[in-house]
Amino acid sequence: MLYIKNTTLYSPLERLDNAAVLVDGGRIVAVGYAAAVACPPGAQVLDADGLLLTPGFIDMQFNGGFGDDFTADPTTIWQVAAGLPRWGVTAFLPTVITSPLERIAQAQQVVLSEPAGFRGATPLGLHVEGPFLNPQKKGAHNPAYLQLPALEAVAGWSPQTGVRLVTLAPELPGALPVIEALATRGVLVSAGHSTATFEEATMAFDAGARYGTHLFNAMPTMHHREPGLPGALLTDPRPVVGFIADGVHTHPSVISLVWQALGPERLNLVTDAMAALGMGPGSHLLGDFEVTVDATSARLADGTLAGSILSLDQALRNLIRLTGCTLADALATVTTTPARSLGLDHERGQIAPGYVADLVLLSPELEVRGTVVRGELVYTAE
């Protein structure tokens with residue numbers, strides 16, 4: 001058992017001062033004012049005096065880190081996962097970009113096979129970003145592996161087989177039946193790397209797509225008479241929208257504009273981080289391509305953005321700084337909103353009895369000071 005006391009708790013639905021949380025068996029069993037939540041004999045006590053307690057962060061688009069790229073080598077998923085709690089990430093979707101279907105199948109097997117004694121962020125299933133993308137918006141994806149959507153190609157894809165989220169271009173021939181099939185199986189389908197018109201995007205949402213991958217990036221520029229995919233994602237109430245709040249993928253002023261349009265219920269902060277995260281400037285892999293990383297961005301030789309070096313706790317701080325939103329609302333974009341999108345809001349994304357005990361301790365400056373995954377303290381800042 002783990003007993004956390006003397007903390008200001010953000011559930012994130014409400015704030016509770018002088019709070020305590022009791023964890024047992026990897027689940028939260030009691031939450032409330034310290035006077036109302038007793039510490040059982042023998043429990044491990046964590047005094048969080050001066051710290052904030054929040055739900056663990058969920059990253060829905062994460063390509064790799066610490067020098068390892070999931071597409072190049074899916075076997076690195078678990079070793080990278082072990083390092084993610086330093087940024088408050090307790091669960092994530094390892095992202096495999098456009099590659100042969102055999103590589104995706106390999107990644108499925110890896111993500112379903114937790115190593116004995118593992119301590120780190122939980123891979124919830126793959127985010128398969130490609131190969132059903134529009135060549136005109138391929139970004140850093142290898143065009144040699146792009147293909148049209150086909151039902152036979154996704155026949156074995158479901159949350160039960162390790163696939164949680166699929167990004168595709170909904171305007172491609174065959175896309176709508178694939179969207180319908182995946183959505184029926186409980187896979188979250190996203191529109192991205194696409195030239196879809198407003199009408200084509202709406203047809204995708206009608207078919208069951210409920211997400212948008214890195215808004216504005218790898219999609220047409222929004223025009224006031226041709227709003228296209230960005231306009232559809234901003235105005236249709238059905239999709240949740242993934243967004244990279246690093247000030248590089250979009251101008252800082254656009255971050256504020258997007259917040260006003262979407263708010264905490266439909267905005268999902270993601271990192272789209274690649275192998276260079278945690279490594280510093282230099283040359284690193286994203287799929288088959290070498291990426292040059294400087295202090296702020298990751299790019300191909302031609303200047304194309306290739307993922308990011310953003311951490312999710314920094315994205316959270318950026319959102320608050322650039323929009324003036326509350327901590328509770330910002331937290332929703334990395335906790336309750338992704339959990340709801342994945343159909344896991346009954347057990348993840350909140351601090352409440354019965355929920356998985358994924359928790360983050362933050363300083364008043366919102367720096368990560370400790371991370372609990374499935375009831376175990378797996379990271380403490382020096």
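The model is predicted. Its largest nonpolar core holds 89 residues. Helix α6 has a kink of about 65°. Two peptide bonds described below are cis: Ser 11 to Pro 12, and Gly 130 to Pro 131.

**Nonpolar cores**

- In soluble globular proteins, nonpolar side chains tend to be buried together.
- Within the largest nonpolar core, Phe 92, Trp 157 and Leu 269 touch the most other members.
- Leaving out residues up to four places away in sequence, Phe 92 touches Asp 59, Phe 62, Phe 70, Ile 77, Ala 81 and Leu 84, among others.
- A second core is separate and has 19 residues, including Ala 19, Ile 351, Tyr 355 and Ala 357.

**Helix α6 and its kink**

- Helix α6 covers residues 252-266.
- The kink lies at Gln 260, shortly before the proline Pro 264.
- Pro 264 is itself buried, and so are Ile 255, Val 258, Trp 259, Leu 262, Gly 263 and Arg 266 of α6.

**Helix pairs**

- Two packed helices are described by the angle between their axes and the distance between the axes.
- Helix α4 (residues 198-207) packs on α5 at about 45°, with the axes 7 Å apart.
- That angle makes α4 oblique to α5.
- The crossing of α4 and α5 is right-handed.
- From α4, the contact uses Phe 198, Ala 201 and Phe 205.
- From α5, the contact uses Gly 228, Leu 229, Gly 231, Ala 232, Leu 233 and Thr 235.
- Helix α3 (residues 175-184) also pairs with α4: their axes come within 8 Å and cross at roughly 30°.
- Angles under 35 degrees count as roughly parallel, so α3 and α4 are roughly parallel to each other.
- The crossing of α3 and α4 is right-handed too.
- Leu 176, Ile 179 and Glu 180 of α3 meet Met 203, Ala 204 and Ala 207 of α4.

**A buried asparagine**

- Asn 268 is found in strand β16.
- Is Asn 268 buried or exposed? Asn 268 has a relative accessible area of 0%, so it is buried.
- Setting aside neighbours within four places in sequence, Asn 268 is in contact with Met 60, Tyr 211, Val 240, Val 241, Gly 242, Phe 243, Thr 333, Thr 337 and Pro 338.
- Ala 201 sits 67 residues from Asn 268 along the chain, and their C-alpha atoms are separated by 19 Å.

**Cis peptide bonds**

- Ser 11 and Pro 12 are joined by a cis bond with omega of about 5°.
- Pro 12 is in the loop between β1 (2-10) and β2 (15-24).
- The cis bond from Gly 130 to Pro 131 has omega near 15°.
- Pro 131 is in the loop between β11 (126-129) and β12 (163-168).

- Asn 6 has a positive phi, near 60°, although it is not a glycine.
- Asn 6 lies in strand β1, and its 28% relative accessibility makes it partly exposed.
- His 193 is another non-glycine residue with positive phi, near 45°.
- His 193 lies in the loop between β13 (188-191) and α4.
- Residues under 20% count as buried, so His 193, at 4% relative accessibility, is buried.

Definitions and conventions: Residues are numbered from 1 along each chain as its sequence is written. This is a predicted model: local features need pLDDT of at least 70, side-chain atom pairs count only at pLDDT 80 or more; totals for chains, interfaces and linings use all residues. Side-chain values use heavy atoms; hydrogens and water are left out. A nonpolar core is a set of buried Ala, Val, Leu, Ile, Met, Phe, Trp, Tyr and Cys residues joined through side-chain atoms within 4.5 Å. Buried means under 20% relative accessible area, exposed over 50%, partly exposed in between (1.4 Å probe, protein chains only). Contact means heavy atoms within 4.5 Å. The bend at a residue is the angle between axes fitted to the seven residues ending there and the seven starting there. Helices (H or I, at least four residues) and strands (E, at least two) are DSSP runs, numbered from the N terminus. Axes are lines fitted to C-alpha atoms, for helices over the stretch in contact, and angles run from 0 to 180 degrees between N-to-C directions. Angles under 35 degrees count as roughly parallel, over 145 as roughly antiparallel, 65 to 115 as roughly perpendicular and the rest as oblique. A crossing is left-handed if the near helix is turned anticlockwise from the far one by less than a right angle, and right-handed if clockwise.
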